[in-house]
Structures are given as structure tokens and as C-alpha cells.
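Work through the exercises below with the sequence and the 3D view open. Try each task before reading its solution.

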Amino acid sequence: MCGIVGYLGNRDCTSVLMDGLEKLEYRGYDSAGIAVFEGREIKTVKTRGKLSAMREKLEREGKPSGHCGIGHTRWATHGEPSDINSHPHSNGRVTIVHNGIIENYAELKEFLTEQGYTFLSQTDSEVVACLLDYYYAERNPLHAITETLKELRGSYALGMIFKDFPDRVYAARRGSPLIVGMGSGEGFIASDIPAFLKYTKEYVLLDDNEIVRLDNDGTRFFDVHGKPVTKDVQTAEWDVEQAQKCGFPHYMLKEIHEQPDVVQKTLDSLVKDGVPDLTGIGLTDDMLRGFQRVYITACGTAMYAGIVAKYAIEKLARVPVAVEIASEFRYMDPIVGEGDLVIVVSQSGETADTKAALELAKSRGAKTLAVVNVKYSAIARLADICINTLAGLEIAVASTKAYSVQIVSLYLLAFRFAYARGIISENELKRLTAQLEKTPETIRSVIEHSDECQFAASQLINTETLFFIGRGFDYALSLEGSLKLKEISYIHSEAYAAGELKHGTISLIEQNIPVITIATQRHVLEKTISNMEEVKARGAYIIALCRKGTTFADGTVDLKLELDFGELDDMLVPLPTVCALQLIAYYSSVLRGNDPDKPRNLAKSVTTE
Ligand code: M6R
């Protein structure tokens, strides 16, 4: 979604803003712009398209030269991607950038029109610039901001500059992320830390309904009434390297390769003396014994991690687990309350629907557990208990390493759940944990055979549509494999429980339609093979992902990818197997000439409904 940056300091503002916007590209966008004070004048340059188009425009029109300004990458919501709809928006005295949605923009627009304001764009954001100007009668920016915020409904992170104050940047937030970078003699605002990581690791998290002012005397924070507030300065654990490709052609490939390490780190943080120890995060065996029901709610890949967890928790702990898409959960009036554990899973920790689902669960008295990768995110801060997964910075839009650490954390939870409820013995708890400790090695071994995945991807080069099938954990993985492939290769794909295909979808199988079959679960292998035969008989081209040594009858399989899991329990093979699926998706994208890091229409962090 949109990215915001702002800067005040001695550096060249245009360079800092463009650099920051580049670091926020991963969030997804379709236009960009900056506004920089040149002396007392604000110079705005904005354009539809990528940052390369912005750079060309800056070359053509001249780069604004100054030390104070704001910048934006826009992911269109209200109004098409166009030069006019791009941010910053200005009405003369106030210039703003906005991330989020102003839900009451239509009524505000009507009011402001009556007051004589005219609007250039189709955006909801432009009303904020006008409203700020309306309340700027006393030429007091803080007053204008506090009055404006009272009127806004919806979510926002705002960066603001006022024409009369060429050495100040203001920002405010409610519902959308905004971080303040605390440099020495300089200040930054940004939607995410990488935008200023190159200059400072010190940051302050702006909370909802707070305002920040960067000026030459330092950085000050205020509440929504304009009263000063004191904030803690924190230090980012990431370093600049994490925000770079480090020799890989794409972030996605780099992140796939990081999986053995980040899985190990996540295991190290949650395993003590050979068993999962969740007391550190505030989850005791007593609490686990008390839950009658579990909900897992999330979006996209995080939700698919939840489906793997459902299979694991139900199998081991014998507690009913319902996995619900967060955008459904929040409006379906779920039967949830005291005695329930609601797990939300999110890489970014900012996904609007997941956050709303969490708030709903909390309001109904359920215990909430967040499995989140960004520890300073809204979801991490809202949940009662939080498992901080240690994937590090995930930049590619297609989630890879975050999924792996989510399922590692959730497996550990499943093991502990089962032990706490007396369903497995301490020995079994240790055995399962030791098995999970082997996954970094098996993941590494799958990644080392990436050429086979590349070959499989080359077989899909002319494919318009395909299917993924599997049973049990393999079905859960099929969902993720299919999502990964379609989001970056743009091949239409659907995932089905292998036994379900013949209840309708098999009518779509015709000559050479690829069916990627995940066949790692030995207790249902024969059943899966029968399903493969059914589609083969109708002309499908079958790519099978299976355990090393798995045999199929002659002619059943067109391409076999044998994965070496060693003696890993079937329940845990989703971890190495998903890497093969990620690689197939990655190479399919690259072979089709796409940029896997920035798939069309998608945003990394989805902060609107
Ligand atoms: O940040 P989150 O984990 O909450 O994001 C959820 C989904 O938007 C995300 O997983 C999305 O599906 C990815 N593009 C998948 O690769």
C-alpha cells in the first residue's frame, strides 16, 4: 500500500526522499511524488508509474533542492493511477501525503466545496489538505492538525508541510503505520524503518492519534489535543544489509535462501532444553489446558500457514480449530468469547482485516495470540500474547520466509498444546521438537536442488491454467503453492483437496493441463495416487512433488521432483516442501519476464479493507 517518507536535516532532501521511497517500493504502488521546500517555495514533482518515471521527470524538470520535504508512493484506491491523483496534494498553504482511506471524504468534500474550495483530484486524500487549510486560519499548524483529525473517519498516516514553515515536517497517524527516525541533527518520518535505516537505527513508534513535529530544535510528539507526550526511542535490530539483495537477482530469491537460518533463529527463540517453552511470551500450560476452542484468522499466505497449524493442532492436541479468512471473520458475527484462543497470523502486523479480527476477538473476551514478524507493528502491540517470528525484513511482495517461520512457531505451539493437555508424553514432546530442529537442514537440501524446480517452471512456460492437488498437509501446502504461483507468474491456478476434484472441477481437466500433485503424506499416498490417475486419464500433465524413493506406476507422472526429507515426520514436511513450491513460482515468474518482487496490482502490507 502507499508509502510515506519525510525529511528535515542537512542532507539533500530530494535524494533522501527518493532513496526512502525506493526502500518502500516493496509495499506496492502505481505512482509517486515528492514535495520539497526550495527556500520558501514548495516544489512538487509527481507522476503516474514507477520510481524510474519519477527519476526521469526529476531529470527533465530539475530536482528540487532543499532540506525539508515529504514523499509518497501511491497504491490507488480512490481514482485511477494518474499524475493528478498522485500525492503530494496541495491547496496552496498545506501540502500532504496520505496512506489509508478517509471514509467520510464525500461529506467533507461537500462541506469544503460550500466553503469555496475546489478539488483537482478524485482522491479522498485531497480533502485532508483542504481541511487543514480551512483550520489554518490562525496560522498555527498544530491547531489545524488537531482540528482536522477530529473530523476524519477512517485510517490514515499523514505527512504534512505548511508553506509558512519551511523547516518543519508534521505527521500523524490512526490505523496506518508511521515511524519516526531519530537521526543526529535530522529527523525522518516513514511508513517503515528501511526507508531511513541507512541514516539511523533509532526510531520512535507513533501511536494512533499522535502527532509528531520535526523541526530544527528537534523532534516533538503531541497527543490528538496538541498536548506534548514523551515517547521511547528504540533501536532497530535490522541492518542495512537486510534491506539489500546481497548479490541475488531478486529479494524473493534471497528470502527463499534465508529460510534455513530464519527457521533456526525462530526455533532457538522458542525452544529451551529441547522442548517448546512459551512461558517467555506469557503462554503457560495452564492456559493451554483451559482453551476449549481455537480460531486462526489471517489473510493470504498467513492464513494458509494457519491451515497447516489447524492440521497440526487438531492432530496432536485434539482441540477443534477453525481457520477463518480475517475479512470474513470480522463481519460474520463469530461465535467467539471467553475460553477461546484466537490466533492471528501476520507478517507485517499491519493488515487491516487481520487487525480488525483481532480487535473483535478481544472485545468478545477471547484470549488473543499474534504470530507476527514485525515486532513494532500494530497487531503485535494489540494482542494479549505475541510470538515474534524472526524472519527479519521481508521485502518481496510474495511471502516466503515469513510463512516458514509462522508454521515453525505454530508447530511448536501445537506440540506444547498437546503436552499441556496430557495427550503426548514429555518424551514425545522432545522427539517432535528434535524432529522440527532438523528442518533447517532439510530446507537447505531442497533449496540446493533449485535447478529441478527451475526445470519444472520451464514446463509451465506456455501454461494458462493449472491445478495443485494434495491431501491433508499436502492440501494445506497446495493452497500456498497455488497462491505463490499465481501472484507472481500470473498463471491462473487453483488448489484442491485431491479427493474433491471429481466433485466438479475435474471437468476442467483436458489434454496437457498441468496438475501439480503434492504427494508427501504416506498414510494417504495410495489415495492421492488414485486421484493422480483420475486426472492423468483425462490428459493432465502431472508434476509430482514427493519423498525421495516414492514410486508411481509407469505413465502416471510426467515430471517427478523427489525431495530428500531424510527421516522427517510427514507432519513436518510442509517446511522443506514449500521451498520447492516457492522456487517453482519464482522461476515461473522470471521465465515469463515478470518482476517477482513487485507483482502487478499487489501491495506488501494491505492496510485497507
Ligand atoms: O502481512 P500479512 O502476513 O498480514 O499479509 C497477509 C497477506 O496479504 C499476504 O500473505 C499476501 O497474501 C502475500 N502477498 C502472499 O505472498
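Predicted model: local features only at pLDDT ≥ 70, side-chain atom pairs only at ≥ 80, totals over all residues.

Residues are numbered from 1 along each chain as its sequence is written, and side-chain values use heavy atoms, with hydrogens and water left out.

**Exercise 1. The ligand shell**

Task: Find which residues come nearest to the ligand, and sort the shell by class.

Solution. 
- Step 1. A residue counts as near if one of its heavy atoms lies within 4 Å.
- Step 2. The shell splits into five nonpolar, seven polar and two charged residues. Here Ala, Val, Leu, Ile, Met, Phe, Trp, Tyr, Cys and Pro are nonpolar, Asp, Glu, Lys and Arg are charged, and the others, Gly among them, are polar.

**Exercise 2. Polar contacts and domains**

Solution. 
- Step 1. A polar side-chain atom of Glu487 is 2.4 Å from a ligand oxygen.
- Step 2. For Lys484, a polar side-chain atom lies 2.9 Å from an oxygen of the ligand.
- Step 3. Ser399 uses a polar backbone atom, 2.8 Å from a ligand oxygen.
- Step 4. The domain assignment, automatic or from a database, gives domain 1 (3-242), domain 2 (245-334 + 385-437) and domain 3 (440-597).
- Step 5. The C-alpha centres of domain 1 and domain 3 are 44 Å apart.

**Exercise 3. Backbone exceptions**

Solution. 
- Step 1. Most residues other than glycine have a negative phi, and most peptide bonds are trans.
- Step 2. His87 and Pro88 are joined by a cis peptide bond, with omega about 0°. Pro88 is in the loop between β4 (68-74) and β5 (89-90).
- Step 3. Arg139 has a positive phi, near 55°. Its loop runs between α4 (126-134) and α5 (141-151). Helices (H or I, at least four residues) and strands (E, at least two) are DSSP runs, numbered from the N terminus.

Conventions: Polar contact = N/O pair within 3.5 Å; in protein donor to acceptor, adjacent residues only side chain to side chain.
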